[in-house]
Amino acid sequence: MSNEPISLSKALASFDALWSPRIVTRVNNYDVRIAKVEGQHVWHVHDDTDEFFLVLDGELHISLREPDGERTVLLPQGAVFTVPRGTEHKPYAPSRAAILMFEPTGTPTVGDRHDDIPEHVDSTTGHALST
């Protein structure tokens, strides 16, 4: 990792793939990832870790399946939210958005358990496949 400042806007401009996070730096054993998102992701669960979201641009909705039922949180630009470990969730962006996530190194984008993964997504990493 670089020991120089990192421009998130330059890092985001360096790729176009949706739902395909890029690691911009590491903090201890955590990856700081950025991603461009639009449309639906898949329902998934991270069994052993929370998942932190910061909306850099646009708007992100995260549907959650909790013991009391299903709900959706709305994250406008500048908002943060942490999905607790073990909570099934599905991010959705009504239009293109940019997000930053903070997760333990090696955490798969599609979690430990997930719905069927669309053909355009790598089932191992959860990253969008090149077309």
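1. The chain contains 1 helix and 9 strands, and when it is read along the sequence these elements follow the pattern α-β-β-β-β-β-β-β-β-β. Please keep in mind throughout that this is a predicted model.

2. Among the contacts between residues at least 6 apart in sequence, 64% join residues that are at least 24 apart.

3. Isoleucine 6 is found in the segment that precedes helix H1, which spans 8-13. Its relative accessible area is 36%, and because this value falls between the 20% and 50% cut-offs, isoleucine 6 is classed as partly exposed. Once neighbours within four places in sequence are set aside, isoleucine 6 is in contact with Val24 and Thr25; as for threonine 25, the C-alpha atoms of the two residues are 8.3 Å apart in space, although 19 residues separate isoleucine 6 and threonine 25 in sequence.

4. Threonine 49 sits in the loop that links strand E3 (44-45) and strand E4 (51-57). Is this loop residue, threonine 49, buried or exposed? With a relative accessible area of 14%, threonine 49 lies under the 20% cut-off and is therefore buried. Leaving out residues up to four places away in sequence, threonine 49 touches Arg85, Pro104 and Thr107.

Technical notes:
Residues are numbered from 1 along each chain as its sequence is written. This is a predicted model: local features need pLDDT of at least 70, side-chain atom pairs count only at pLDDT 80 or more; totals for chains, interfaces and linings use all residues. Side-chain values use heavy atoms; hydrogens and water are left out. Helices (H or I, at least four residues) and strands (E, at least two) are DSSP runs, numbered from the N terminus. Buried means under 20% relative accessible area, exposed over 50%, partly exposed in between (1.4 Å probe, protein chains only). Contact means heavy atoms within 4.5 Å.
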